[in-house]
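This briefing is for a reader who is meeting the structure for the first time. Please look over the sequence and the model before going on to the notes.

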Amino acid sequence: MLRGVLFSLVLALAGCGGESGSVPVLQTFLLEAPAAPFHADMTATFLFEGTGPVAHFVGSVDGADFQTIQTPFEVAGLAPGQHSFEVCAVDASGTRDPTPATHTWNVEPDVDAVLVRTPPELTTSTSALFEFVSPHPDTVFEARIDGGNWTHVLSPLRLEGLEPGQHLLELRAAVPSGRMDETWATHQWIVRAIIDTAVDGAPAAFTREDTFELAFSSNVPGATFEARVDDGLFETVPSIVTLDGLGEGAHSFEVRALSPSGDADPTPTRIEWVCDLTQPDVAVTFPPPVSVVDAPTMNVCGTASDNAQVASVTVNGVAASSKDSFSTWQAEIPVKPGENKVDIVCTDAAGNVVEEASAATIRYSGTFLVNPISIDIDERGRRAYLVDRSRNAVIAVDLDTGQRSIVTDPNVGGGARIDRPARVAYDAVHDRLVLQNDWGGLSLVDLPDGRRTEFTPTGEALGHLSPRGLALHPNGTTLFASDHSAAGSSVRSIDLETGQCTVIFNSKRDSDSILETAAGLGWDAVHGRLLIVDPGKGMLVSMHPTTGAVKEVSGFDVGRGPSCKRPLLVTGLDAGAGAVFVLDGATNRTMEIDVATGDRTVVPLAGERIGNPEAIIWDGSEGRLLVTDIELDKVFEVDGDTGVARSLSGDTAGSGVVMDSVVFFGAAYSPARQKTYVTGMRTVHSIDRADGHRQLVSSRQRGSGTLDRTGPIEIDTRRDRALVIDTRRRALVAIDLDTGDRVDIADDAANKGNDQQGWIDFGIDEKRDKAVILTYERRLLAVDLKTGQLETLVDRVSTGMSYAERIAVDSARGCALILDRGNKKIVEVDLATGAESIFGRFSVIDARDIEVDPAGKRVLVVANNGLEQIPLATRVAQRIDGPGSFPRWADLLALDPDHGCVQIMCRGTGDSMGALFTIELETGARTMSSRR
């Protein structure tokens, strides 16, 4: 301070000379001011005094205007930096001291580190958080931990991974001017170890063991332990315990360590496990237990469940996949020719294993036969070649095993278009097939790749031809073909190298010939001639391959034995016996004809039944006939000596009643009985899902009551009975599924004379316990299934339709869905209001039936060319496809909700009639469950 110095100066001045009595001079003296050059205080205090006639003082801070002030004078809130102060005395007249007292100084905050947040002095945390500040704005901080090196730090400072024990943080501050905090901030604290518990020998989450040993340890020496089982009370236990006898189910075990000071582990170690001693359950939902497939792979689908958790499912060694922890699963397995057993192995998380040996049996003999109409064989290659007209294909049959494969079809082989092949001949010289199409055109098919080349003959043409027979000369170059057209019945010779076509016989040109209609023909290699049957005259004739000269070999005038009323086909010559074989279309008999005498003998067929033979050929290497059957879709071999017939190739599924000559009108599935019920003209048959066994349920010969003409069928699940429309009597009939007895529930007596009011289809509204009937006039009727009361719901569905004959009821949404197959649309009718709308459209051609799948929230539509689903959410048709061929003549749908499948009944009067196929809806996999 300046007080002593200034006071001495005043005394000295007072003693200086001057005239006695002169006027005193104003002078101002600072007695106290802030130290210079630095001052940490933001407040400054000044003491001052004056000499002479002082009336008051005025002062100025940092050059501001002078203001009257008093001593002591204080200035507060000073900003960092240089400051100045002036003060001068003022007399009564206002005269100021001409030499004010002045002072300059600098203000700078203290350089100090202040801790504002620290960890507790005693803690179990291995991390610590510090926050710190300094009065000086330009402060930088350095810290060191436990006496280590100083390190530049920022606030907040977090320390991690601290070891148990005592720790020290030291913090200091510095500023750019070089000033440094001389009194460091410090904090000392102790990290106390957390007692922890470890367990050895814990069981797996799922286990079959119910006894095991547990050992405990702790990070604190001398710790003791407490434990509890299944959330009971904690009890003191030794460091090793044995658990046993807890039984099956979910269990828990908790253990905690206690330190010698009594601290308990705040987070006891908890073990949870499931003791599972029960095998899982596994079941196959697809395919049916016994079925036939026509693809080398098969999607097997099923369900699985367990007390705890299913870990895996394998099918014939193939791991199944699942989207819902194996509640449902599927596996694509290879299928070898012949019979395949489906073996399932299901393992749960505890290691329990269940094996379902032979859970299903799948038979695979290659592609299905649908309509085999022509045949030729390669004896050396041991193969027969069949024309399957319905499938637009040529199929090879292994003559030893019966295994079938596609040689060429619209998807196999490529090359020229294949268009309804009718006749086939095997060319051994060039290892190829010659096909004659339904319209008379020719194709050459290379073996084994199946590639097709269109062959167009030149020379004598006869216009649009109808193929009757085909025979190939052993040279592989000359083809003989019999045809029929407006120009007459003819036999042509075609050179396969030059394309030259020569007519060697024409019924109009050669009107005097004994041959009128050339049908089936064959080559007699022994005599170098053609053999031709005339179905009109019932004759077998020979023809010279160049001149066309004809000679009767067998007929009314030549040969003895039963007459052949309408011979259709002739096979190659049995050289050993000197005979050919002819198929009599009038009697479906096969006749052997001696080519030397013309004598005729009926081949005495025995063994398996042949339904409707279409083509025959002689297999000389085995001494047998091969016969194609278009009713049973098979190839039979017939022993040349005994006549015993046996199926060589073709698929039969199921057993029981052979549903011959039945046109099917309806199909429905009973989940309770696991059977499909189908209606014929006046019959109801059942087909068991397990083995395809067929039974007659109701007919004129079985069961009481009236049934004139059976139509569509549905299952009344509440009463476990079938409901059938009698289309002739216009009645709804209930059929007892055990006895076959029939009882009318309701009929449309008021419209008996109006044929347009005929009933064509119906569905069951399970929610309202009613049957909803569609009539030809597109009326919707309802039958109360309790009372039989009949009422009209809609007088006429007005939405434009071209061909509506199928209806399904969506009970959950209270509407009927009418299939308009002509316009490829589905019309929805609200059953409460009658309001109509377009539900959606489908793309399958000539759709035949419709079903509602409430579980999948979709509508299903079937046609000959495929199965489609239309989800309720999108109303956009999606094809359901899978390996193998789609069943031909697929007409009737029956929903199997328990197995996520539909069953498709082929109801045609010919090909595949009565075949029942099962299709899994999610994968599109398909099998044949029943076929006569």
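The notes below go from the whole chain to single residues.

The model is predicted. It contains 1 helix and 83 strands. With a radius of gyration of 53 Å, well over the 30 Å that the globule rule gives for 932 residues, the protein is more spread out than a compact globule.

**Confidence**

- The average pLDDT of the protein is 89, and 95% of the residues score at least 70.
- Residues 1–21 have a pLDDT below 50, and in the model this stretch has 13 contacts beyond near neighbours in sequence.
- Where pLDDT is low, predicted coordinates should not be read in detail.

**Overall dimensions and surface**

- The C-alpha trace spans about 190 × 75 × 70 Å along the principal axes of the protein.
- Buried residues make up 51% of the 932 in the protein.
- Among contacts with a separation of 6 or more, 52% are between residues 24 or more positions apart.
- There are 83 positive and 131 negative side chains in the protein. The centres of these two sets are 15 Å apart.

**Cis peptide bonds**

- The bond from phenylalanine 286 to proline 287 is cis, and its omega is near 5°. Proline 287 sits in the loop that joins strand 25 (281–286) to strand 26 (290–293).
- Another cis bond runs from leucine 447 to proline 448, with omega near 5°. Proline 448 belongs to the loop between strand 39 (442–446) and strand 40 (452–455).

- Aspartate 146 has a phi near 50°, a positive value in a residue other than glycine. The loop between strand 12 (140–145) and strand 13 (151–153) holds aspartate 146.
- The relative accessibility of aspartate 146 is 41%, so this residue counts as partly exposed.
- Asparagine 588 is also not a glycine, and its phi is positive, near 60°. Asparagine 588 is placed in the loop between strand 51 (579–584) and strand 52 (589–594).
- Because its relative accessibility is 30%, asparagine 588 counts as partly exposed.

**Leucine 819, in a strand**

- Leucine 819 is part of strand 73, which covers residues 815–820.
- The relative accessibility of leucine 819 is 2%, and therefore leucine 819 counts as buried.
- Leaving aside residues up to four places away in sequence, leucine 819 touches a list of residues that includes Tyr803, Ala804, Phe842, Ile850 and Val861. Charged residues with side chains named in that list include Glu805, Arg806, Lys825, Arg848 and Asp849.
- Alanine 847 is also one of the residues that leucine 819 touches. The C-alpha atoms of leucine 819 and alanine 847 are separated by 8.0 Å, although the two residues are 28 residues apart along the chain.

**Threonine 477, in a loop**

- Threonine 477 lies in the loop between strand 42 (466–472) and strand 43 (478–485).
- Is threonine 477 buried or exposed? Its relative accessible area is 13%, which is under the 20% cut-off, so threonine 477 is buried.
- Not counting residues up to four places away in sequence, threonine 477 touches His430, Ile494, Asp495, Leu496 and Glu497.

Definitions and conventions. Residues numbered from 1 in each chain as written. Predicted model: local features only at pLDDT ≥ 70, side-chain atom pairs only at ≥ 80, totals over all residues. Heavy atoms only, no water. Helix = DSSP H or I, 4+ residues; strand = E, 2+ residues; numbered from the N terminus. Buried < 20%, exposed > 50% of the residue type's maximum accessible area, 1.4 Å probe, protein only. Rg over C-alpha atoms; globule rule 2.2 N^0.38 Å. Contact = heavy atoms within 4.5 Å. Charge placed at Lys NZ, Arg CZ, Asp CG, Glu CD. pLDDT = per-residue confidence, 0-100.
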